[in-house]
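Try each task before reading its solution.

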Amino acid sequence: MNLFKRAWWRLTGHPGKTLMLVGLFFVICTLVLSGFLIRSAAARAADGAKKSVGAVATMQLDVNALINSGKNNGTGPEGQRGGTIGSHGDLRRSLVNRICASSVVRRCNYTTDSGAFPTGSTKLYQPVPAPRGQDSRGTDLFKVDGIRDLKAVAAFRNGDATLVAGHGIGPHSKRDEIVIEERLAKRNGLKVGDTAKLKVGELPAPGQQADDREHAFKVVGIYRSGTADTGSYVPAMVDPANQIYATPDGASTLLGKGAGADGVLKQATFTLDDPKDLDRLKKDAEAAGADLEIFPLSINDKQYQTLVGPITKTADFATVTVWLVAVAGTVILALIVASNLRERRGELGILLSLGEKKPKLLGQHLVEVVACAVLAIGLAGVCSQFLSQAVGDRLLASEVSTANQAAANEAGRRDPSDPTGMAKKDQLEAKPIDAMDVRLGSADIAKVGITGLGIAALATCIPGARVLRLNPRDILTKGD
Amino acid sequence: MTTPLLALTDLTRTYSGGNRRRTVLKSVSYAFESGRMYAIVGPSGSGKTTLLSLASGLDSPTTGSVRFHGRDIAELGLGTYRNRHAATVFQSLNLLTYMNAVQNVTSAMEITGVRGVRRRERAHELLDLLGIEPADRTRRTLQLSGGQQQRVAIARALACEVDILFADEPTGSLDHETAAGIIEVFRKLAHDDGKCVIVVTHSKEVANACDEVLHLKRGKLVPQD
């Protein structure tokens, strides 16, 4: 008990030095705690982002892999010739549906890009005609997307497009169901339940006759696009009003291919909760019968990275700060304690001459430093939440600004991991997380407590080794 | 033949500094008894403080031994010896400056494990004996005069209730009257309480008050006639 009493007398006997030590510890602990708080806020934000956006894995044909495998000239399971690359290059809907059943898939979609020529009863929406003399035959057609689930289409998810009548396309929709845009419906006097007639949207090969057969589709839904008319001429197939959503089989029909229960898809996307689930998805896909050499699964977690990029960089900076402050703090405190020990040689000599044990002398120093540390940790707990919120917000704002600038520069460039742009299209437009929710919890206090006390112990024990080598005679006598 | 309280046997102390070696004490032997007060005198640099350091367990001899009740203090442990059997009053660096006079005394009693007394009361008794006014006892020691500090240091040494009291120039910073009072306290401690008091001094008055005066000259300890 004596050493505690002496430590207390010493601390209260030299209030200036005590305050200086508390102040120094306060700065160290506040910075360390702020770093911890920023890191945990970033981790929480990253978890939240992971849950909200997940990551999109894309499955599509790798033509080179197919050719290298030698399967490109084979026949399909039904014995049909599969075209130039063979039916082994067909991504089958039944396969994708099996993969969609994987427990790691939160949402899944697949698409068949297609087009359709207008007919006498179903005309294109063209508010501004093509300039005279311009050949628009190649673009005067509807753009048809064969989809599994209209709700999963990015434009509908992010609210750019809304269904205003009827219902959408779903996994159980019939082959001939379509959803059309409001302006197109008005132009053709179509309502939900009416029939629209469309022609195959493929131009005939040279020397061949065009497929003039008309295919009847039932309008099951009408949607409103968020993109208004431009007031000037745009090719019909890029006008949002001419975008038609059909089932994958319907889209195949308009490609001039036969529809069936196991239609051919162009690409499939699987939204995962976490990019780390890709390995599990691959296993499930292989179990479902997918040849991942020919149909590789690649992840596109760009949206997640966009969301968490700046906050992760801020957290990285905070981590570096924590380490720097902890190391620098230990060194500075060790120097201060060493200087204190030198200054207190006389005191140590007197205590040694009285027979006080050296470890107890060291213990007294430790108690003094720890007492200052505990006080500082308490104060840091009060202040660091505000500090870390302010500093974190500033750092994050700067990182977000940099990220936005980088995103603006990158806009328009093709993403090598998403050559068709489908995964990108399937994703919501992501904006980086620009707010930090700093929360002080008991775990953070415990962490800074352990760090602070660790620094105190190191800073005392390293220079304190000198105490153990002290010889009272050297201190107290002149040695004549 | 009885075992002396403290026996110095062939004590030699040599200091090394670079290539130089300096022998301060050469084969010093002497036996000190309980109930007596000794003065060690000698010119400056004769090795008085070195002798005191060795005898009080603050330092170890190069050769020879210091025996307390026949037992080598190196075996006993220098820390234990200082803690339980020997107390020293130094010329300077006497007090813990962040404590007041009472705290200095009670703190020493706690370290040396003095039991069976009310420490604060005993501290006040000793400070009273040494002429420290009650108002001064709760002042930080840095606020006391040199003489008062010296008397607090002596009170602290007395409070440890050890067998041997060493004092290095204990009256150096005291006026004549106070010094005489201190010497009287030391004499009573030796003669009434049976302690052994060993004082290193330049003062003839102090030396004259002691039972034995030992002269340290050229590294040898010789009783003065």
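**Exercise 1: a helix pair across two chains**

H1(A) passes H4(B) in a left-handed crossing. Keep in mind that we're looking at a predicted model.

Task: work out how H1(A) and H4(B) run relative to each other, and which residues make the contact.

Solution. Start with the geometry: helix H1 (residues 2–13) of chain A packs against helix H4 (residues 101–112) of chain B at an angle of about 155°, and their axes are 10 Å apart. Angles over 145 degrees count as roughly antiparallel, so that's the label for H1(A) and H4(B).

Next, find who touches whom. H1(A) brings A:Asn2, A:Arg6 and A:Trp9, while H4(B) brings B:Gln103, B:Ser107, B:Glu110 and B:Ile111.

**Exercise 2: a sheet in chain B**

Task: trace the strand order of the six-stranded open sheet in chain B, then say which strands sit at its edges.

Solution. Walk across the sheet and the order reads S6-S7-S8-S3-S9-S10, with mixed pairing. The edges are strand S6 (86–89) and strand S10 (220–223) of chain B, since each pairs on one side only. From one strand to the next, the twist averages 20°.

Now zoom in on one pair. Strands S7 (residues 164–168) and S8 (residues 196–200) of chain B pair in the parallel sense over five bridges. Take B:Ala167: its bridge partner in S8(B) is B:Val199.

Conventions
Residues are numbered from 1 along each chain as its sequence is written. Chains are lettered from A and ligands numbered from 1 in the order in which they are written. This is a predicted model: local features need pLDDT of at least 70, side-chain atom pairs count only at pLDDT 80 or more; totals for chains, interfaces and linings use all residues. Axes are lines fitted to C-alpha atoms, for helices over the stretch in contact, and angles run from 0 to 180 degrees between N-to-C directions. Helices (H or I, at least four residues) and strands (E, at least two) are DSSP runs, numbered from the N terminus. Angles under 35 degrees count as roughly parallel, over 145 as roughly antiparallel, 65 to 115 as roughly perpendicular and the rest as oblique. A crossing is left-handed if the near helix is turned anticlockwise from the far one by less than a right angle, and right-handed if clockwise. Two residues are in contact if their C-beta atoms, placed from the backbone, lie within 7 Å. Two strands pair if DSSP finds at least two bridges between them.
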